[in-house]
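Please keep the sequence and the structure in view while reading.

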Amino acid sequence: MLARMFKRRSLSASTRFEILKRDGFACRYCGARAPSVVLHVDHVHPVALGGKNELENLVTSCRDCNA
């Protein structure tokens, strides 16, 4: 089954907070800000395509942009 070929390591709470803080608690794609939207930490280069959990590969995104 191809869906689980790439093992995804979860991000620590401190890494998530650092990304959110770095991005000013706003979506990097559309600019929406918390608390009016739900924010996620998203991989720019997907894990399934070899992306890593490095700070340069992570951005804040709102639920709509992340979907």
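Predicted model: local features only at pLDDT ≥ 70, side-chain atom pairs only at ≥ 80, totals over all residues.

**Surroundings of Asn53**

- With a relative accessibility of 29%, Asn53 counts as partly exposed, because values between 20% and 50% fall into that class.
- When neighbours within four places in sequence are left aside, Asn53 is in contact with Arg9, Ser10, Leu11, His43 and Leu58; of these, Leu11 and Leu58 are also members of the largest nonpolar core.
- Asn53 and Thr15 are 38 residues apart along the chain, and their C-alpha atoms are separated by 9.3 Å.

- A polar atom of the Thr60 side chain lies 3.4 Å from the backbone oxygen of Ile19.
- Residues up to four places away in sequence not being counted, Thr60 touches Ile19, Leu20, Asp23, Ala26, Cys27, Arg28, Leu39 and His40.

**The nonpolar core**

- Leu11, Ile19, Leu20, Cys27, Leu39, Val41, Leu58 and Cys62 make up the largest nonpolar core, which has 8 residues.
- Two or more residues of this core come from each of helix 1 (13-22), strand 1 (39-43) and strand 2 (58-62).
- Leu20, a member of the core, touches Phe25, Leu39, Val41 and Thr60 when residues up to four places away in sequence are not counted.

**Cysteines**

- How many disulfides does the structure hold? The count is 0, and the sulfur distances given here can be set against the 2.5 Å limit for a disulfide.
- The closest cysteine sulfur to that of Cys27 is in Cys30, at 3.8 Å, which is too far for a bond; Cys27 itself is buried, with a relative accessible area of 4%.
- For Cys65, the closest cysteine sulfur is in Cys62, and the distance of 3.6 Å is again too far for a bond, while Cys65 counts as partly exposed at 33% relative accessibility.

**Aromatic rings**

- A search of the whole structure finds 1 aromatic pair, formed by Phe17 and Phe25, whose ring centres are 5.9 Å apart and whose planes stand at 55°, so that the pair is classed as tilted.
- Phe17 counts as partly exposed at 44% relative accessibility, and Phe25 likewise counts as partly exposed, at 34%.

**The protein as a whole**

- The protein has 2 helices and 2 strands, and along the sequence they follow the pattern α-β-β-α.
- Among the 67 residues of the protein, 27% count as buried.
- Of the contacts with a separation of 6 or more, 50% are between residues 24 or more positions apart.
- The accessible surface of the protein is about 5,100 Å², with 56% of this area belonging to carbon and sulfur atoms.

Definitions and conventions:
Residues numbered from 1 in each chain as written. Heavy atoms only, no water. Buried < 20%, exposed > 50% of the residue type's maximum accessible area, 1.4 Å probe, protein only. Core = buried A, V, L, I, M, F, W, Y, C linked by side-chain atoms within 4.5 Å. Helix = DSSP H or I, 4+ residues; strand = E, 2+ residues; numbered from the N terminus. Contact = heavy atoms within 4.5 Å. Areas by Shrake-Rupley, 256 points an atom, 1.4 Å probe, with all protein chains shown as cover. Phe/Tyr/Trp six-rings, centres within 6.5 Å; stacked < 30°, edge-to-face > 60°. Polar contact = N/O pair within 3.5 Å; in protein donor to acceptor, adjacent residues only side chain to side chain.
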